[in-house]
Amino acid sequence: MKHFLRLLCLLLAPVLGAQAGTTPVDSAALFKAKVDSLNASFRYQTGTIKLGKDLGSLSVPKDMRFLDAEQSKRVLTKIWGNPETAAEDVQGMLFPLDKGPVSENNWAFVVSYEPMGYVKDDDAEDINYDDLLKDMQEEIREGNAARREAGYAGMELLGWAVPPHYDKATHALHWAKKLQFDNNAAPTLNYDVRLLGRKGVLSLNAVADPIQLGLVESQIPAVVKGTDFAQGLRYADFDPKLDEVAAYSIGGLVAGKVLAKVGALAVIAKFGKAILLVLLKGWKFILLALGAGWSFIRRFFTGRGKEDAEPTLALDEAAADGNPPTEM
């Protein structure tokens, strides 16, 4: 993202300066203003947050802030460019106090709930996670054709950033994946914490850069401690005579088969191609002023020539409805 911002500003600056005459436009300042405006458009909460319909609660750590479900779905799908299926069960997101959805070097926890039933944990010590990793890598490779056909980035599971481990005392499953997406130069980190309950699983999925692993890990104890199921929905409240047992156990949660809906694969990208459209929407006046310069920028990002050119309005409308383009 950092390289993209710098590159776009460098591309825009000389063209804007030449067409403005004697008063060059500070494109970097304009771009920063747009990013700041988008970050400021979100409404955050602190304190104790109610999750779902009497599902439980989340005490927001003092150096973080909570974004509700509706706004979080917008971030995940319209801004970060993930499939709609990746946000179906989202309860909200946790951001650091000094970071927003389009801040440089940002990261966040995605809080979601899957009502899959009671997950048995008796296989936690018996799983060969190296073999499981190979199966997951193959499954992701096989799913890439469908993802790309749907207009989303393909991805590769590079390996464990943190191998899976289960805390039987707190019924918390931890693991972290290092992933590479087609449209990101740098790898992405997904750090998963799953809290087991009587009727389902609460997911705390940190989406970050691999270099931020230590920062994410430093926040996990407070986030886990502050997240709790409501009385009667805790793991210890399970009644085998009344409650449904989940189809998958600990190994299934790590593999993501329960959450592997079309295009989701229990993986979330931090930045997708949709981010470009969202940011450019507010730049319509700049794009119109660029004239011939815009054709160069369009070819740089899309590889299209004049014969394939699309009207600027079409780009703006795509940003407005959040639909990802078929090419970028």
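Visitor: Why is Asp-243 called buried?
Guide: Buried means under 20% relative accessible area, exposed over 50%, partly exposed in between, with a 1.4 Å probe and protein chains only. Asp-243 has a relative accessible area of 9%, so it is buried. The model is predicted, so local features need pLDDT of at least 70 and side-chain atom pairs count only at pLDDT 80 or more, while totals for chains, interfaces and linings use all residues. Residues are numbered from 1 along each chain as its sequence is written, and side-chain values use heavy atoms, with hydrogens and water left out.

Visitor: Where does Asp-243 lie, and which residues is Asp-243 in contact with, leaving aside neighbours within four places in sequence?
Guide: Asp-243 lies in the loop between β11 (227-229) and α6 (250-255). Helices (H or I, at least four residues) and strands (E, at least two) are DSSP runs, numbered from the N terminus. Contact means heavy atoms within 4.5 Å. With those neighbours set aside, Asp-243 is in contact with Arg-198, Lys-199, Asp-237 and Phe-238. Between the C-alpha atoms of Asp-243 and Tyr-118 there are 7.3 Å in space, and 125 residues in sequence.

Visitor: What makes the approach of Asp-243 and Arg-198 a polar contact?
Guide: A polar contact is a pair of N or O atoms within 3.5 Å; within protein, one must be able to donate a hydrogen and the other to accept it, and residues adjacent in sequence count only if both atoms are side-chain atoms. The side chains of Asp-243 and Arg-198 are joined by such a contact of 2.6 Å. A polar atom of the Asp-243 side chain also lies 2.7 Å from the backbone nitrogen of Asp-239.

Visitor: How do you know whether Asn-106 is buried or exposed?
Guide: Its relative accessibility is 0%, so Asn-106 counts as buried. Asn-106 is placed in the loop between β5 (90-96) and β6 (108-114).

Visitor: Why are the rings of Trp-80 and Phe-95 called a pair, and of what kind?
Guide: The structure holds six aromatic pairs. The ring centres of Trp-80 and Phe-95 are 6.4 Å apart and their planes stand at 75°, so the pair is edge-to-face. Rings of Phe, Tyr and Trp (its six-membered ring) pair if their centres lie within 6.5 Å; planes under 30 degrees apart count as stacked, over 60 as edge-to-face and the rest as tilted. Trp-80 sits in the loop between α3 and β5, and Phe-95 in strand β5, 15 residues apart. Both residues, Trp-80 and Phe-95, are buried. Together with Tyr-44, Trp-80 and Phe-95 form one aromatic cluster.

Visitor: What makes Trp-107 and Phe-109 an edge-to-face pair?
Guide: Their centres are 5.5 Å apart, with 70° between the planes. Trp-107 and Phe-109 are both buried.

Visitor: How do you know that β7 and β8 pair?
Guide: Two strands pair if DSSP finds at least two bridges between them. Strand β7 (residues 155-167) and strand β8 (residues 172-181) run antiparallel and are joined by nine bridges. Glu-156 has Gln-180 in β8 as its bridge partner. The two strands form a hairpin with four residues between them, and His-171 in the turn has a positive phi of about 55°.

Visitor: Why are β1 and β7 said to stand at the edges?
Guide: The open sheet has eight strands in the order β1-β4-β5-β6-β10-β9-β8-β7, with antiparallel pairing. β1 (44-45) and β7 each have a single partner strand, so one side of each is left without a neighbour in the sheet.

Visitor: What does helix α3 touch?
Guide: Helix α3 (residues 69-79) packs on the sheet and touches β4, β5 and β6, its direction making about 75° with that of β5. Axes are lines fitted to C-alpha atoms, for helices over the stretch in contact, and angles run from 0 to 180 degrees between N-to-C directions. Among the buried residues of α3 are Val-75, Leu-76 and Ile-79.
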